[in-house]
Amino acid sequence: MIEVNNIYKSFGKKKVLNGVSFTAVKGEITCLVGVNGVGKTTILNAIMNLTPLKKGSILIDGKPLSVDSYNHIAFIPDAAIMLPNMTVQEAMDFMKDYYKTWNGNRAKEIVKFFRLNPSDRISNLSKGNQAKVNLLMGLALDVEYILMDEPFSGIDIFTREQITEVFSSRLVEDRGVLITTHEIQDIEHLIDRVILLDNGVVYKDFNAEDMRETEGKSVVDVMREVYNG
Amino acid sequence: MNKQYKLIGFVAFILIVFIGFKVYDVSASPEQMNLTVSTELGEADQMEDIQFIAHTFNYTNYQQSPNFEFRDGSFQNLNNQSMFEAMDYHFSPSVNSLIDRYRSFVRGKSQSPNHFTETDNHVIYTAFMSDVDWNVRGSDKLLISSLNKSTEEEKDFEVNLQIPDGSSSYYYSVVDTYVNYSELTIIVNTYNSTNEEELTLIYEFDIENPTDTLTPVAHLESELGQGGKVQVSTNVNPANRYIPLRHLYDIEETMYGEMIYSSVDFYVYDRQTQELTAIPSFEDSATMVDGDDSSDNSQSDTANENNGTSDDYSPDEMIVLTENESVYVAQNKGESVEWYTFNVESADLQQVGTLDMANESIGREFVDYYQTTFNNTMHVSDGKLYASGVDFNQEIGAPVFQVSDLASLEILFYGAIQTDDPELNEVLEISVYEYEIIPDGLESND
Amino acid sequence: MSHSVKSFIKLTSFELERISKVFFGLIGFTLISNLIGYIFPILRFNQDIEEYMISQNISVEMAHDALGPFSFDRVLNSGWIAFPIVIGVTSIGLYALFTWYREWFGKNTFAYRLFMLPVPRTQVFFSKLVTIYIGIYSLIAVQMLSVFGGYQLTNWLIADAVMDPNPLISLIHSNFLFAYLFPVDTGLYFTINLIGLTGILVVFTIILLERSYALKGFGLGLMYAGFVIVLGILPHFIGEFAGNRYLLFYSELMIITYILLALASIGSIIWSRHLINRKITI
């Protein structure tokens, strides 16, 4: 379980996170939603120890963040993060070199699924294919948790469909997925939990299916209520 | 491991080249050379009271140019010092010896050899504040310290010096200090860069009865008159009663700004009576015995008429040295010197005899107008005359030393400083610096 | 080999791979510039001899006697040797900045990947430091080899009779630049390398401060650099402040300087470690 406990973060004088707490568990897709600038990416960065927090703590399966955390959790940012002059194969080799959790067979499977050419240079790939490479680097790791930041941002509709397929595949099965996205409608039916952020705090934390069953509202309906109302 | 081939390659390349370079450095570097005292006459142990720094320069191999310290009759290659020894090494054997023996006393004191005077029981330090603190240049504050060698008791004083009325000076330096504990005779040179006035002042200070301000007991320029410049003899024995002085006058400035003199007189200053006595010229001396009347030696005035012209420098005709209560005067005749004793009370010269000199210049270097001291290469200690010079008979001049007995006028030692490799001697220039005579009993630092 | 040593070697190898083209470029530039430097003075010397022979109507031997021998020192002191050294030093200095900033400002933000590797982040720090040193020492090693090659070349092109008899090692020992670059004087080499190491570590600390606290961090970094410079030279001004420049013996002064520089280096590493683990922002 990823436990985010009462975290605070400011950029200069602007308070972005003002006591955010939530959990994300294995076997569930948890979606962080909120308007631009509400601090979704900051939360993911903080979980990965890529930005310092003013206050609060984050635990992964009850343990504070450490070097070993990167063997249990993978982060897929919204932009390419491998060196542009690397080929897809070189990028996979790089990952294999450092991560004992790298699963070569699964990597091959994903390459095939996304129809990527291992000999292509990352810099020559389209934005959609770069996003696929990003997913490849995260999903091919045998880790318990996967964080995804805006996986559909700026992606064409066909690629988006392919990526959406991932969420219902065994690639994320049994794993805890924490995702931030604006385009929730594409994966709404796959989401287990929703954490709605507003004004630096968790405004609402609910089970998407319960919401549909008990109140007959979709996640998008709830978001409309919060952000429009 | 294949992916690391570049890293392995770079690291291996660096290691191999650096190790190779070091091996080459060690194997190609010239063998360590040694300097020796090559005796031509007498016994080399006569050199034991002499100390100096020998700087070598090999024209065919710059790297083979180490410095040596000659002390206690043997050479020490200064290249063999450890890194930190070399850092603290001072290019004066006597100061070095003091640092070795009395490090805490020397700490904070100017490390100039003429600021320290060592006697059997004490080390005396006399220097100006400006010698240790460049920010107070022009300060007339004199620092005096005394260390009792057996009790290690240190006494420190700060005294102000008065300079004669009407004079103002910017630069102060201690030329030499004579000691009959607890009384000090301090010779001070002052210089005013505006009017170029230079003063040689003598002060007395008693360590047991210190005063805050010292008034000069002698102002040599004013006493000698005729303007000019006063030079003070270097000295071996700080207890000597008489201080030889050299007075240059009839000064002219050449078109190149060089100061030349055409007259030179010698005096001795008596520390007991605080009086100056002129040394008569050899011609004027009435009591001169067996003088060589037929010689073409002219008196000192004319002997130096040509001094100051660039290629016609010649040493003085007269040599004046002192030891304890004695004043020795010699007439320079090149290959020999006529030796006299001088009676200060009667101002008479008494001829002793002729001392052969190993070559025509040894011990008698030319001392120009700008120097503060003279007798830098000739000294008397324990009744022996020490002279150093250069033997120009070889292609590359070699430093030579002569030790003579002043009573018998016999040469006790004559020899040169050379390497033990005859081939090397042909390309190696050896220069002697910081030449000093350390009387028996003072040099021990073990 | 332990896992962490393996990962450190992999990281360093990776860093080296990324910059090796620049290193090879500098090595090539050094060799070409040196080669020109070896040949040019020899041609000029031979030309001077020839012109002198013609103008004075004398033999080669007499012209050699008149103009003196050819010293390889003339080659070593030429700009063709000094210039690539200056370029090398400048490039390595810039690389110390580039090695960090490219991770953020490159086409892709590789810093994400670097800092999410399951290896201690200090390994990233030290791999960058070691890569810089590999660059420095490779260039020095190439310069060493080049000098030996150049000396042989000169020996071939200049007749023995007119070659200055000073052996190469003697000329290297007496050369100003090589005294700093080559390990000919242990004390000096130690001092130069300690100052260099402290300098690079301080630059790394400034960069990490800037990456952690933005402009405020850069200001703080500059203050830190000023502090380290003051720390390094302070012992040499103790005499000035105390009004006595003989207060410390030179060895004591240098030992204090070494200790302070070592403390500044260790301090920089500890601070950088804290920043890279706890404060850095991607």
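Two strands count as paired if DSSP finds at least two bridges between them. The model examined here is a predicted one.

**Exercise 1.** Describe the sheet of chain B that contains strand 21, and identify the strands at its edges.

*Solution.* 
Step 1. The sheet is open and consists of four strands of chain B, in the order 18-19-20-21, with antiparallel pairing.
Step 2. Strand 18 (318–323) and strand 21 (348–356) of chain B each have a single partner strand, so they stand at the edges, and one side of each is left without a neighbour in the sheet.
Step 3. On average, neighbouring strands of this sheet are turned by 25 degrees against each other, direction ignored.

**Exercise 2.** Determine how strand 20 of chain B pairs with strand 21 of chain B, and name bridge partners for Tyr340(B) and Thr341(B).

*Solution.* 
Step 1. In general, the strands of a sheet pair through backbone hydrogen bonds, in either a parallel or an antiparallel manner.
Step 2. Strand 20 (residues 336–343) and strand 21 of chain B are paired in the antiparallel sense, over eight bridges.
Step 3. Tyr340(B) has Gln351(B) in strand 21 of chain B as its bridge partner, and Thr341(B) has Gln350(B) in that strand.

**Exercise 3.** Characterise the contact between chain B and chain C by its residues and its buried area.

*Solution.* 
Step 1. Chain B contributes 39 residues to the contact with chain C, and chain C contributes 51 residues.
Step 2. The two chains bury about 4,000 Å² between them, of which 67% lies on carbon and sulfur atoms.
Step 3. Phe10(B), Phe18(B) and Phe21(B) supply 17% of the area that chain B buries against chain C, more than any other three residues.

**Exercise 4.** State which polar interactions link chain B and chain C, and which helices of chain B supply the touching side.

*Solution.* 
Step 1. There are three salt bridges between chain B and chain C. One of them joins Lys6(B) and Glu17(C), with the closest N and O atoms 3.0 Å apart.
Step 2. Across the interface, 21 residue pairs are in polar contact.
Step 3. Helix 1 (5–28), helix 2 (83–88), helix 4 (103–106) and helix 5 (129–132) of chain B each supply at least two residues of the side that touches chain C.
Step 4. Helix 1 of chain B provides the largest share of that side, 13 residues.
Step 5. By residue type, the side of chain B that touches chain C divides into 20 nonpolar, nine polar and ten charged residues.

Conventions
Residues are numbered from 1 along each chain as its sequence is written. Chains are lettered from A and ligands numbered from 1 in the order in which they are written. This is a predicted model: local features need pLDDT of at least 70, side-chain atom pairs count only at pLDDT 80 or more; totals for chains, interfaces and linings use all residues. Side-chain values use heavy atoms; hydrogens and water are left out. Axes are lines fitted to C-alpha atoms, for helices over the stretch in contact, and angles run from 0 to 180 degrees between N-to-C directions. Contact means heavy atoms within 4.5 Å. Buried area is the accessible area (1.4 Å probe) that two parts lose on being put together, summed over both. A salt bridge is a side-chain nitrogen of Lys or Arg within 4 Å of a carboxyl oxygen of Asp or Glu. A polar contact is a pair of N or O atoms within 3.5 Å; within protein, one must be able to donate a hydrogen and the other to accept it, and residues adjacent in sequence count only if both atoms are side-chain atoms. Ala, Val, Leu, Ile, Met, Phe, Trp, Tyr, Cys and Pro count as nonpolar, Asp, Glu, Lys and Arg as charged, and the others, Gly among them, as polar.
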